[in-house]
Amino acid sequence: MKSKKVWKFFFLVPVILYVTLLIALPLLYILFISFLKSDYYGGMISSFTIQNYIDVFDQVYVSVFLKSIAIAGITTLICILISYPFVLAISHKKPRTQKILMTLVMVPFLTNSLIRMYGWLVLLRKSGVINQVLLGIGVIEEPLSLMYNTFGILVGMVYTLLPFMILPLYSSISTVDNRLLEAASDLGASKFKTFFKIIVPQTLPGLFNGSLMVFTPALGYFFITDILGGGKFMILGNLIKNQFLTARNWPFGAAISIVLVLVTCVFIFLYRKLGGKMDDLGGAS
Amino acid sequence: MKKVILKIEGLKKSFGSKEVIKDFDLNIYEGEFLTLLGSSGCGKTTILRMIAGLDSVTEGHIYIDEKEVTTLDPKYREVNTIFQNYALFPLMTVEENIGFGLKMKKVDKKVIKQRVQEMLELVHLQGYEKRMPKELSGGEQQRVSIARALINKPKVLLLDEPLSALDQKLRKSMQLELKQLQKKLGITFIYVTHSQDEALTMSDRIVLLKDGKIEQVDTPIKIYEHPNSLYTAQFLGESNLFTGTVSVVDEKYTLVNVDDQVLKILSQKWKVDDSLDIILRPENIKIDVKNKQENVLEGKIVESIYDGASTKLMIRVQKRLISAMYLGNDKLYSKGQVVSVSWDIEDAIVLKRDVYEK
C-alpha cells in the first residue's frame with residue numbers, strides 16, 4: 001500500500017513543480033514587490049509601503065480600469081451574441097459536419113495571434129482591403145476609420161477571444177436533449193421562449209465559463225490595443241506592461257497586477273454566488 | 001356515429017429516398033383509446049410525431065377536430081405528447097414542469113397553481129411540487145409527464161411507448177392506471193407500442209402497422225381471433241401454422257391436405273386447389289381428448305414449461321412442432337410422453353394464401 005502512495009505522489013511531482021515554480025512563487029513574488037518602493041533607476045528599495053496601492057486609485061488609473069472593464073464587457077457580450085446562434089445552428093448538424101465546423105473554429109489558433117493582428121491591419125486601415133472595396137463599388141466616398149479607435153480594438157478582441165466562448169458553449173449545448181426542445185414546443189412554447197426557458201438555463205455553466213475565459217484575457221491583451229488601437233488606448237494590460245518595461249516602476253506594476261487578480265477573483269466569486277460550479281470552469285470545486 | 005376527432009388522409013413520409021409511411025388513412029374517434037402497434041421501424045412513432053407536428057408531412061393531410069393542421073406549428077396544435085423518456089425539464093421543479101404549458105399560454109399564476117394541484121391529485125403525486133425530476137423514480141417521472149400533458153386539456157393525447165422504461169410490475173399497474181385515466185377524462189389517446197400484450201389489454205382499437213402500411217385495424221378481440229393476414233396472426237399472440245391445399249369441399253366442411261394428413265375445416269368460400277393457411281392458437285389446442293373423430297394428430301411431448309398461471313407444452317407432430325397451453329398444472333405431462341392433439345373445428349383461423357402473397 002505504501003509503495004502505491006509513493007507512486008501516486010511520483011506522478012504528481014511534475015504538476016506540483018509546475019504550479020509551485022511557475023504560478024505560485026511568481027505570484028507571491030509579485031505580491032511581495034508590490035509593497036516595495038522603487039528607486040529612480042528602475043530598481044527596488046526594500047522598505048515596506050502601501051503607497052503603490054494608494055496610487056492605483058488615482059483618477060487616471062481608475063479610468064483605465066473602468067475603460068478596460070467596459071471593453072472586456074462589450075467584447076464578452078458580442079462574443080455571446082455571435083456564439084449562441086452559431087452553436088445552436090451547428091448543434092443540429094450531423095456529427096461529422098459538427099466536427100469539421102468546430103475544427104474550423106480552432107484553425108486560426110495555429111497561427112501566432114500577433115501575426116493575425118497585423119493581418120487585421122491590412123484589412124482595416126484607411127488604405128486597407130475593406131475601405132478599398134467599399135470605395136471601389138461606391139458605397140462610401142471617404143475611407144472609414146475602422147482602426148486606431150475602440151471599434152478596431154473590439155474587432156481584434158472579439159476575433160481573438162471568440163473561440164473561448166464558442167467551445168464551452170458548444171460543449172454545454174450538446175448536453176441539451178433535443179427531446180426537451182420538442183417537449184417545449186409540444187407544450188406551446190415558441191422558439192424564442194424555448195431558447196430562454198430551456199436552452200439558456202441549461203447552458204448557463206458554459207456561458208459563465210466562456211464569459212470568464214473571454215472577459216479575463218480581454219482585460220490584459222495589450223498587443224491588441226497596441227496594434228489596432230495605435231497605441232492611443234490603454235487597457236490594464238498596457239498599463240502593467242508600461243510600468244514594467246517603459247516606466248520601470250516594478251513595484252507599481254506589481255500592485256496593478258495584484259488588483260487585476262483581485263478583480264478577476266471578484267468575478268469568479270460572483271459566478272459562484274450565482275450558483276456556478278468550479279467544475280464547469282475546469283477547476284476543482 | 002361517434003365524432004371523428006382526428007382524421008388522417010393519404011399520409012406519406014419519406015426520409016431522403018426512403019419511404020417510411022406509405023399512404024396511411026385513418027379516422028380516430030372522440031374518446032377512443034387507439035393503439036399503433038408494430039415492430040420497430042414500422043413507422044408508428046413517425047406517424048405520432050407527424051400528428052404532433054414534430055416531423056413534417058411529405059404528403060397527405062391531418063385534421064384535428066375538422067381543422068387542417070398538416071403544416072401547423074406544434075405549439076398551435078391541440079394535442080400533447082408523452083415522450084418515451086418523459087423529457088421532463090431537468091432544471092424545473094415538478095410544479096414548474098406541470099405548469100409549463102399553461103405558463104406559455106399566459107394563464108394567471110393563481111389559476112396555474114390551482115390547476116397544478118388538481119393534476120398532482122389526479123396522478124397521485126400530492127406533496128411533490130418542489131421536487132426536481134432527478135429526485136423522482138421512473139414511475140413518478142412518468143406521472144409528472146402525464147400531468148404536464150393533461151393540464152393543457154388536449155383533444156388528443158399522444159403516447160410514445162410511455163411504459164417501455166418501467167419494470168414489468170410497474171408497467172402492469174401503469175397500464176391499468178392509464179386506461180382508467182383515459183376513461184375518466186374521456187380524452188382520445190393514441191398509444192404507440194411494440195408490445196402486443198399492452199395493445200391487447202388497453203386499446204379500444206388496434207392499428208397494426210407493417211412497413212409503413214396498415215395491416216389491420218380492429219378491436220383487440222377481432223384482431224386476435226379474426227386476423228385477416230398471416231402477419232397479423234403471427235404478430236399478435238402465438239400461433240401454430242399448417243399450410244395445405246383444399247382437396248374436397250362440401251356444404252359444411254372442407255378437407256385440406258397438409259403434408260400427408262387431412263385436416264377438416266368449416267366451409268366458407270374455399271374452392272378445390274386453394275392454398276390455405278390454418279392457424280391455431282396454443283390455448284385452443286386440446287390434448288388427449290376422447291370422442292374426437294376429426295383433426296386428431298399424434299405427437300410426442302418435447303418440452304413442458306410451467307410459468308405459474310399456465311403450462312406450455314411443445315409437442316412434436318411428425319416434422320412439426322406444435323405449442324399448446326393450458327391453465328394451471330392439473331394435468332401433468334412428462335417429456336417423451338405420447339399424446340393426441342386436437343382442436344374444435346371452429347377455433348381454426350383459416351386464411352387464403354394468395355391474399356397476402358404477392
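## Overall layout of chain A

Read along its sequence, chain A follows the pattern α-β-β-α-α-α-α-α-α-α-α-α-α-α, and chain A has twelve helices and two strands, where helices (H or I, at least four residues) and strands (E, at least two) are DSSP runs numbered from the N terminus. This is a predicted model, in which local features need pLDDT of at least 70 and side-chain atom pairs count only at pLDDT 80 or more, while totals for chains, interfaces and linings use all residues. Residues are numbered from 1 along each chain as its sequence is written, and chains are lettered from A and ligands numbered from 1 in the order in which they are written.

Taken along the principal axes, the C-alpha atoms of chain A fill a box of roughly 75 × 70 × 35 Å. Of the 285 residues in chain A, 31% are buried (a residue is buried if 20 or more other C-beta atoms lie within 10 Å of its own, exposed if 12 or fewer, and partly exposed in between, with C-beta atoms placed from the backbone). Among contacts in chain A between residues at least 6 apart in sequence, 69% join residues at least 24 apart, two residues being in contact if their C-beta atoms, placed from the backbone, lie within 7 Å.

## Where chain B touches chain A

In this model, 17 residues of chain B are in contact with 15 residues of chain A. On the side of chain B that touches chain A, strand E6 (79-82) and helix H2 (94-104) of chain B each supply at least two residues, and the largest share, three residues, comes from H2(B). The residues of that side of chain B divide into nine nonpolar, five polar and three charged (Ala, Val, Leu, Ile, Met, Phe, Trp, Tyr, Cys and Pro count as nonpolar, Asp, Glu, Lys and Arg as charged, and the others, Gly among them, as polar).

## Nonpolar cores

The largest nonpolar core has 71 residues, of which B:Ile51, B:Ala147, B:Leu157, B:Leu158 and B:Ile190 touch the most other members; such a core is a set of buried Ala, Val, Leu, Ile, Met, Phe, Trp, Tyr and Cys residues joined through C-beta atoms within 7 Å. A second, separate core of 45 residues includes A:Phe65, A:Ile71, A:Val155 and A:Leu260.

B:Leu157 is found in strand E7 (residues 156-160) of chain B and is buried, because 24 other C-beta atoms lie within 10 Å. Leaving aside neighbours within four places in sequence, B:Leu157 is in contact with B:Asn80, B:Ile82, B:Ala149, B:Leu150, B:Ile187 and B:Phe189.

## Helices H11 and H12 of chain A

Helix H11 (residues 236-246) and helix H12 (residues 250-273) of chain A pack at an angle of about 155 degrees, with their axes 7 Å apart, where axes are lines fitted to C-alpha atoms, for helices over the stretch in contact, and angles run from 0 to 180 degrees between N-to-C directions. H11(A) is therefore roughly antiparallel to H12(A) (angles under 35 degrees count as roughly parallel, over 145 as roughly antiparallel, 65 to 115 as roughly perpendicular and the rest as oblique). The residues of this contact divide into eight nonpolar, three polar and no charged, and among them are A:Leu239 and A:Phe244 in H11(A) and A:Trp250 and A:Ile256 in H12(A).

In the loop between H11 and H12 of chain A is A:Arg248, which has a positive phi of about 50 degrees although it is not a glycine. A:Arg248 is partly exposed, with 16 other C-beta atoms within 10 Å.
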